Amino acid sequence: MKHIALFVMLLCMLTPCIAANAQKANDEVQSLGEILNPRAKNSGSELGVKERSNLYFRKCMATESLAFDNEEKEILCACTSAKLGEIITGEEFVELYKDTKAGANARMKVITYAYTECMNYAIKSKVYKDCRVLPLMGKIKHGKDFVCECLTNQHEDLVNKGASRMIMDGVKHDPMTLNPLESYFTTDSYYNTLENYVKICRARLMYNKHN
């Protein structure tokens with residue numbers, strides 16, 4: 001029920017965005033049939049669950065990310081691809097990379113039922129590593145692990161509460177994206193949030209030390 005509600009909410013929020021992009025031609029995107037077999041342009045709809053998952057993983061890993069490193073991207077791509085195969089049909093998969101209304105609907109299904117189930121695994125890894133290299137961490141001589149674990153938990157709560165808004169913003173920023181949190185993790189807001197959490201978690205560290 002949680003995913004159904006999220007799917008409906010996001011779809012309603014993004015309907016104007018979907019409609020605006022549904023009329024655009026996307027001549028640069030090859031059909032899956034042409035990719036797999038140039039002689040069989042409609043063969044993409046006949047892909048099985050495993051084939052859909054494997055092709056999604058390869059395309060996901062080939063997509064440049066400004067927010068996630070290769071390890072984090074692999075976590076996200078592998079997890080999403082493992083769930084994707086049974087979430088969308090072969091016909092929907094053919095539309096997945098197209099700038100059409102059907103493509104937007106297919107992407108939203110993947111984001112809602114697969115991506116949201118996987119994003120925390122990659123996010124936790126990213127946030128912890130980003131915490132370790134924050135300038136404020138240089139002032140902490142002892143307890144860095146505690147502070148970054150505290151920060152990661154704080155940020156996880158933030159993402160869980162604001163996921164629908166963050167995803168909506170990401171899709172508005174790039175209607176073709178299958179990684180809608182990419183844009184959030186490249187903003188100043190993200191790094192400012194981490195710095196604020198360092199201060200909060202450092203205060204907790206000091207409190208625990210003296211009590």
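Both C60 and C77 are buried, where buried means under 20% relative accessible area, exposed over 50% and partly exposed in between, with a 1.4 Å probe and protein chains only. The model is predicted: local features need pLDDT of at least 70, side-chain atom pairs count only at pLDDT 80 or more, and totals for chains, interfaces and linings use all residues. Residues are numbered from 1 along each chain as its sequence is written, and side-chain values use heavy atoms, with hydrogens and water left out.

C60 and C77 are linked by a disulfide, with 2.0 Å between their sulfur atoms; a disulfide is a pair of cysteine sulfur atoms within 2.5 Å. This link of C60 and C77 is left-handed, with -75 degrees about the S-S bond. Because C60 belongs to helix α3 (residues 49–62) and C77 to helix α4 (residues 70–84), the pair ties together parts that are 17 residues apart in sequence. Helices (H or I, at least four residues) and strands (E, at least two) are DSSP runs, numbered from the N terminus.

Helix α4 also holds C79. The disulfide from C79 to C118 has an S to S distance of 2.1 Å. Since C79 lies in helix α4 and C118 in helix α6 (residues 101–132), this pair ties together parts that are 39 residues apart in sequence. C79 counts as buried at 18% relative accessibility, and C118 counts as buried at 0%.

C131 and C148 also form a disulfide, their sulfur atoms being 2.1 Å apart. The torsion about its S-S bond is about -85 degrees, so the disulfide of C131 and C148 is left-handed.

In total, the structure holds 4 disulfides.
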